[in-house]
Structure formats: C-alpha cells, structure tokens
Amino acid sequence: EEYRHMLKFKEECEMYYWYGQKTHDSTGRTNMVDENGQPVISGPGLFEQIINKDTYSVLTQAKIEDVIGDLFYGMTDATDKQVTLYTGIGGAREFDKAMRNYYSSSTGTLTGYFKRYEHIDGHAVNVIKMPLFDHGPVAQASRKHPESGLPMESYRMTFVDQSTYDGENNLQMINKKGREMLRWAVAGSVIPKGFSGNDSRASDIDGASVHMLKTAGILLRRFDTSLDLTCTAS
C-alpha cells in the first residue's frame, strides 16, 4: 500500500512538471492561499514555459524537417546538442508513419520502428513515449482521435531542447534546499517498517500513515528552442 502511495505521489509530481501553471504575477504576488492563509506559490510547468506552439492534422516528414530546421536554427552556440520528442502512443505512431511513408518510396520495404530522426542540419531527435500523455488526467478528459480512438493528448508532440549552454543543461530540476524529498510517518499504535522515533509523528489512531512532500520544479533555461506540437485531426 505504501509503495502504491509513493507511485501516486510521483505521478502527481510528474503531472505538475508538465502541466503546472504559475500562481504568481510578474511582481511575485499570488492570490492563492492555503487553509492557514499562507501564500501558495507554484511555478510554471514545461508546457507553460515553451513559447513555440504549432499544430498538425496529419504528420509528414516535410513538416518534421521544416519545424525542426526553423526551431533549432538558433542553437548554434549549443554543445552536446540533444533534442527529445516526448509523445504518447498516437504521436509515436504518427512519427513512425511519416518517416515510413517518406523513406519507403525510395528504399522499398522497411522493418522496425522509427525512434530517432537526424536532421540535415545536424540535429538528432530521439523519440520517448510518455504514459502520462496516454493515461493521465488530461488525456482522460481530452476528446478522441477520429481514426484510432486514442486520446488527442496521446498525439501531442513536445520537442524539448536538452542541450548544454555555457556548461549548464538547458533543462533542469530545481529543488528547495532541505525540501528535495521529505518522508515521514504519522504513527498511532503502529509504527510502519523502516521508521524510528526520530521520523514519526504521534496520534491516537489505531494505525499509521506515511506522507511525502517535496518543493521542486522544472526550469527551461532557453525557452525559445523547444516546441509544443498538438494534433487537430477531425
């Protein structure tokens, strides 16, 4: 039960890293408060940080080539160039279909699946399937693709620049010192395994509970070299 609770906590963290929205304005003020009247400060998720947005109905190799060429034109000062395409099952199928249709016309029958694309300008894109795009809360609430029946969110393609600039990774995890990961138990008549008196809390309940907390966020240092590409098929 504790292991399932941990997995749920990690899924909620991942949801925030992608879909989170900032609760403060440009001056740092926030109107969101908790039950004690304290301000709730939340930073933007990856989608809110990416300023380049585009859409597609049916993906083609030409679309991929043009988008990547235009997008990463400004990456000339990057070292260890890495671009990752995060997508769901639907997006992975579209990517594979686009590449297969393009190359099969000149090379004949192709086997396997396309999981990597090397652009003529020298940028390589690796494809990573994200279960969150297929089964997450946003996917469950999105409309269905007219052909496959998969969630439209499954066809979302997010090209993330994970290169290095000036010796620092473009994509970084930011943690508050001392709040990287807190884990404690509220013990009653039972103390969960793995806990001692130093990391437990007392209550009069005939049982126990385990809690986790962290203060963290995702930082995209250069936000104009990534792209959020959504599907509009109807």
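**Close-up views of a predicted model**

View A. Phe 133 counts as buried, at 0% relative accessibility. Buried means under 20% relative accessible area, exposed over 50%, and partly exposed in between (1.4 Å probe, protein chains only). This is a predicted model: local features need pLDDT of at least 70, side-chain atom pairs count only at pLDDT 80 or more, and totals for chains, interfaces and linings use all residues. Residues are numbered from 1 along each chain as its sequence is written, and side-chain values use heavy atoms, leaving out hydrogens and water.

The whole structure holds 6 aromatic pairs. Rings of Phe, Tyr and Trp (its six-membered ring) pair if their centres lie within 6.5 Å; planes under 30 degrees apart count as stacked, over 60 as edge-to-face and the rest as tilted. Phe 47 and Phe 133 have ring centres 6.1 Å apart and planes at 35 degrees, so this pair is tilted. Phe 47 lies in helix H2 (residues 46–49) and Phe 133 in helix H5 (residues 131–135), so the pair ties together parts 86 residues apart in sequence. Helices (H or I, at least four residues) and strands (E, at least two) are DSSP runs, numbered from the N terminus. Phe 47 is also buried, at 7% relative accessible area. One aromatic cluster takes in Trp 18, Tyr 19, Phe 47, Tyr 86 and Phe 133.

**View B. Arginines over aromatic faces.** Arg 156 lies over the face of Phe 47, 3.6 Å from the ring centre. Arg 222 lies over the face of Tyr 165, at 3.9 Å from the ring centre. A charge sits over a ring if NZ of Lys or CZ of Arg is within 6 Å of the ring centre and within 35 degrees of the ring normal.

**View C. Helix H1.** H1 covers residues 2–19, 18 residues in total. H1 reaches 26 Å from its first C-alpha to its last, close to the 26 Å expected at 1.5 Å a residue. That expected span is 1.5 Å times one less than the number of residues. Phe 9, Cys 13, Tyr 17, Trp 18 and Tyr 19 are buried in H1.

**View D. The nonpolar cores.** A nonpolar core is a set of buried Ala, Val, Leu, Ile, Met, Phe, Trp, Tyr and Cys residues joined through side-chain atoms within 4.5 Å. The largest has 27 residues, and Ile 64, Phe 95, Met 157 and Phe 159 have the most contacts inside it. Helix H3 (61–71), strand S2 (83–87), helix H4 (89–107), strand S4 (124–129), S5 and strand S13 (227–231) each give two or more residues to this core. H3 gives the most, with 4 residues. A second, separate core has 17 residues, including Phe 9, Tyr 17, Trp 18 and Phe 133.

View E. Thr 158 is found in strand S5 (residues 157–161). Its relative accessible area is 0%, so Thr 158 is buried. Contact means heavy atoms within 4.5 Å. Leaving aside neighbours within four places in sequence, the contacts of Thr 158 include Trp 18, Phe 47, Tyr 86, Phe 133 and Asp 228. With the neighbours within four places in sequence again left out, Phe 159 is in contact with residues including Ile 68, Phe 72, Val 125 and Leu 229.

**View F. Phe 72 in a loop.** Phe 72 sits in the loop between H3 and S2. At 1% relative accessible area, Phe 72 is buried. Not counting residues up to four places away in sequence, Phe 72 touches Val 83, His 123, Phe 159 and Thr 225. Phe 72 and Asp 224 are 152 residues apart in sequence, yet 8.9 Å apart in space, C-alpha to C-alpha.

**View G. Asp 166 in a loop.** Asp 166 lies between strand S6 (164–165) and strand S7 (168–169). Its relative accessibility is 74%, so Asp 166 counts as exposed. Phi of Asp 166 is near 55 degrees, a positive value in a residue other than glycine. Most residues other than glycine have a negative phi.

**View H. Confidence along the chain.** pLDDT is the predictor's confidence in each residue, from 0 to 100. The chain averages 86, and 92% of the residues score at least 70. Confidence is lowest in strand S10 (residues 200–202), at a mean of 65, and highest in H2, at 96.
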